[in-house]
Amino acid sequence: MKHALKRAVFAAAILVSSNAYAASELEALKNQVQQLMDRIEQLETTNKEAPVAASQAENTEEAAASASSNEVRKSARTATAENSGNPSISVIGNFTGQRIRGDGGVRSSSFLPLSEAEFIFGANIDSHARLDVTVTAANGGMAVEEGFITAYLPWGVNLRAGRKFLPVGRVNEMHPHVLIYADRPNGLVNLFGPEIFIGDGVLLDKPIFIGDSVQTLTSGFFSTENDVAFDPTGSAQYAALARWTGLWDIGDSATFELGANYVQGKNGIATTGSMTRIGGGHFAIKHQNLAHAGFSLEGEWLRRWQEQGTGVSTAINDGSYLLATVSLNRNWHLFSRFDYSREYVPATAGWLKESAISAGLVWTFSEFQSFTLQYKHTRNALAEVAGDLGIAAGGNANAWYLRWVVAIGPHGAHPY
Amino acid sequence: MTFLKRSILVLLLLFPVISHAELQIVATLPALGQIAETVAGEDGEVKVLARVGQDPHFVPPKPTLARHLARADLLFSAGLALESGWLPSLIEVARNQTIRPGASGYFEGASVIDVLGAKAGVDRSMGDVHPEGNPHWWLDPIRGSQVAIALADRLATIDPANGDNYRQRAAAFASRLHEMTAAWKSRFSNASPVVSYHESYRYFSERFAIPVIGFIEPKPGVEASPAHLDSLVSRVKAEGVRQLWVEPYHVGRVAKRIAQLSGAPLIPMPDANEGHGSEGYIQLIDMLLQKASGD
């Protein structure tokens with residue numbers, strides 16, 4: 001019993017002492033773990049600062065140089081693009097010479113006159129709106145060709161108010177210097193005259209992103225003094241427009257675009273509220289590889305119904321074109337365009353038809369300078385095109401165009 | 001179940017489920033996308049606008065690219081007007097106020113680094129120069145690390161809940177880049193001079209002390225004239241230029257002609273590669289160094 005008790009006490013003593021030893025060991029281990037955790041935390045903090053410190057040490061010389069570099073950056077930034085003090089200001093010089101030979105001995109030529117100079121101003125008004133103004137000098141006069149406010153409304157809607165190239169067809173909304181060709185497609189001249197179809201009013205548009213596509217809906221209400229599609233006296237007439245454009249990616253290098261538009265408004269021709277309606281569609285297929293070589297095929301077709309009044313047949317005109325371009329690289333491009341127009345003749349219930357074929361070469365010397373050489377042959381010119389070429393209606397003409405376009409100032413990207 | 005209860009249930013089902021969405025980040029260039037993927041990790045989804053092999057100055061501004069920008073919480077660009085020819089029109093189409101320049105969701109990498117090549121008194125007679133400085137900073141891993149850290153801070157501002165994650169990833173990435181740069185640099189002591197097509201490699205060549213003594217472009221964006229080519233070929237021969245560096249999108253008739261006449265090999269030096277995250281970015285720098293060393 002005594003021995004058992006001794007053994008028990010001894011065992012208990014060992015147990016207690018071992019427990020105590022374990023406890024102290026455990027305590028020591030705990031302390032060590034805590035120290036290790038503190039050290040890890042310290043190292044993590046140091047590692048965060050080390051790259052910055054190392055890069056600062058490594059870039060000491062660069063830092064000294066960069067102080068002056070940053071000063072240069074500040075001065076450069078104020079001198080470029082738009083900034084808090086000034087709008088972006090760019091000037092586009094469009095020098096287009098032409099040589100026209102037409103039926104009946106028509107001859108005209110000009111050699112690289114300054115056909116048009118565009119002074120383009122643009123800046124954000126505040127976080128809610130932007131102002132863009134284009135003042136154009138042409139034919140000895142100057143006018144505000146475009147001047148509109150873009151207001152950024154909720155739900156991705158933009159409201160543009162002011163004077164604008166109207167979004168009718170594919171190219172009417174584009175500035176002439178953006179287009180690869182030097183002239184204006186005959187179909188658009190026959191429908192709207194030699195000048196761009198412009199309106200003063202309000203446009204709303206919204207892009208909708210669906211899968212790999214963007215669908216843009218546009219609607220607007222405007223007044224126009226276009227004397228070809230509307231009142232021949234040039235009085236302001238009111239009209240509304242609706243437009244849809246869809247753009248789809250076809251792989252990484254190509255896109256397909258489709259669109260349709262409709263315009264309707266009183267044309268002031270007759271007191272009975274005669275209307276002009278314009279409807280049509282457009283398409284474009286574009287492909288470009290990584291070396292900037294590629295091709296595109298685009299076209300549009302528009303029909304204009306122009307009521308002439310009670311008891312008078314409605315004038316119906318079609319205008320269209322098909323354009324193919326090939327880009328050899330970033331600098332050299334070839335194009336060919338087929339223009340087709342027709343005008344309904346009530347007396348014969350038939351159509352007067354005009355066609356034209358163009359071919360051209362473009363050298364883009366740099367982002368800011370390009371040369372276009374274009375030849376166009378027109379057959380059976382309708383009235384507006386005939387007037388533009390200086391020939392009699394129904395006549396034929398050959399035209400050569402040489403265009404030199406230059407841009408100075410911070411010019412924004414052209415539309416896709 | 002009563003009609004009222006059914007109606008309430010249907011209404012509840014029609015309400016959108018509110019879930020914690022990943023941060024949507026759009027990077028303009030592939031290398032920037034790799035940096036963004038590294039920093040954002042699983043807390044962000046990154047889309048890249050430009051493709052590998054595309055000239056970053058001239059990305060076609062397809063409106064379809066704007067669909068990514070429309071949903072973006074952050075737009076990460078190189079800056080210094082590199083993307084000025086195409087990015088602004090995409091921002092307009094996207095109609096996303098969060099990512100407009102100056103907004104909290106707009107981040108230019110160049111704004112947080114020491115910029116090389118800024119020039120005063122610039123005009124276009126000097127070519128298509130970037131007056132605020134050379135924008136090709138992402139080819140310098142040290143500057144890449146600086147941008148990663150700054151990007152993490154910006155993401156932490158937009159998404160504070162994951163701020164620590166962004167900063168930890170950026171710090172680890174920066175630390176790794178510093179270690180690798182030190183190892184990479186040891187490869188290039190007394191490097192022979194090279195000629196490049198465009199001034200795309202300034203940050204890369206200065207970081208690794210590889211002298212670039214001339215350019216195939218006489219001025220940025222201007223095609224070489226025969227006189228310039230003659231002069232350059234002579235210089236290549238005289239100064240023992242060992243390589244002609246060309247961006248893949250500039251490999252063409254002119255570059256090949258110089259290589260043929262001078263005898264120096266034409267080395268395509270991509271400024272972007274396939275690959276994701278930190279591994280993709282490190283592979284890009286490593287690939288450039290292997291090409292530069294002639295491996």
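A residue counts as buried when its relative accessible area is under 20%, as exposed when it is over 50%, and as partly exposed in between. The legends below describe close-up views of a predicted model.

**Chain B, with its 10 helices and 8 strands.** The C-alpha trace of chain B spans about 95 × 40 × 35 Å along its principal axes. Of the 295 residues in chain B, 54% are buried. Among contacts in chain B between residues at least 6 apart in sequence, 66% join residues at least 24 apart.

**Helix 9 of chain B (residues 253-262), with its buried residues V254(B), A255(B), I258(B), A259(B) and S262(B).** These residues lie on the same side of helix 9 of chain B because the arc they cover around the axis is only 135 degrees. An α-helix has 3.6 residues a turn, so residues three or four places apart point the same way. R253(B), K256(B) and Q260(B), on the other side of helix 9 of chain B, are exposed. The cover over the buried residues of this helix includes three elements of chain B: helix 8 (226-238), strand 7 (243-246) and strand 8 (266-268). Just after helix 9 of chain B comes G263(B), with a positive phi of about 85 degrees.

**The interface of chain B and chain A, with 51 residues of chain B in contact with 51 residues of chain A.** About 4,200 Å² is buried between chain B and chain A, and 52% of this area is on carbon and sulfur atoms. The interface holds 5 salt bridges. Between chain B and chain A, 9 residue pairs are in polar contact, counting pairs with both residues at pLDDT 80 or more. On the side of chain B that touches chain A, at least two residues come from each of helix 3 (66-70), helix 4 (87-94), helix 5 (141-158) and helix 6 (163-185) of chain B. Helix 6 of chain B gives the most to this side, with 5 residues. Sorted by class, the side of chain B that touches chain A has 22 nonpolar, 12 polar and 17 charged residues.

**The salt bridge between E257(A) and R170(A), with an N to O distance of 3.1 Å.** This pair links distant parts of the chain, 87 residues apart. E257(A) lies in strand 10 (residues 254-266) of chain A, and R170(A) in the loop between strand 6 (158-165) and helix 3 (186-192) of chain A. E257(A) counts as buried because its relative accessibility is 10%. R170(A), at 6% relative accessibility, counts as buried.

**D55(B) and R330(A), a pair that joins two chains.** D55(B) is in the loop between strand 2 (44-48) and helix 3 of chain B, and R330(A) is in the loop between strand 13 (315-327) and strand 14 (332-345) of chain A. The two residues form a salt bridge, their closest N and O atoms being 3.7 Å apart. The cut-off for a salt bridge is within 4 Å. D55(B) has a relative accessible area of 2% and is therefore buried. R330(A), at 26% relative accessibility, counts as partly exposed.

**The salt bridge between R167(B) and D153(B), in which the closest N and O atoms are 2.8 Å apart.** R167(B) lies in helix 6 of chain B and D153(B) in helix 5 of chain B, so the pair ties together parts that are 14 residues apart in sequence. R167(B) counts as partly exposed at 35% relative accessibility. D153(B), with a relative accessible area of 33%, is partly exposed. Elsewhere, salt bridges that share partners join E146(A), R160(A), K164(A), E173(A), D205(A) and R95(B) into one network. Over all chains, a search of the whole structure finds 29 salt bridges.

**N267(A), in the loop between strand 10 and strand 11 (275-288) of chain A.** N267(A) has a relative accessible area of 0% and is therefore buried. The side chains of N267(A) and T276(A) are joined by a polar contact of 3.1 Å. Leaving aside neighbours within four places in sequence, the residues in contact with N267(A) are A229(A), F230(A), D231(A), Q237(A), S274(A), M275(A), T276(A), Q306(A) and E307(A).

Technical notes:
Residues are numbered from 1 along each chain as its sequence is written. Chains are lettered from A and ligands numbered from 1 in the order in which they are written. This is a predicted model: local features need pLDDT of at least 70, side-chain atom pairs count only at pLDDT 80 or more; totals for chains, interfaces and linings use all residues. Side-chain values use heavy atoms; hydrogens and water are left out. Buried means under 20% relative accessible area, exposed over 50%, partly exposed in between (1.4 Å probe, protein chains only). Helices (H or I, at least four residues) and strands (E, at least two) are DSSP runs, numbered from the N terminus. The arc is that of the directions from the helix axis to the C-beta atoms. Contact means heavy atoms within 4.5 Å. Buried area is the accessible area (1.4 Å probe) that two parts lose on being put together, summed over both. A salt bridge is a side-chain nitrogen of Lys or Arg within 4 Å of a carboxyl oxygen of Asp or Glu. A polar contact is a pair of N or O atoms within 3.5 Å; within protein, one must be able to donate a hydrogen and the other to accept it, and residues adjacent in sequence count only if both atoms are side-chain atoms. Ala, Val, Leu, Ile, Met, Phe, Trp, Tyr, Cys and Pro count as nonpolar, Asp, Glu, Lys and Arg as charged, and the others, Gly among them, as polar.
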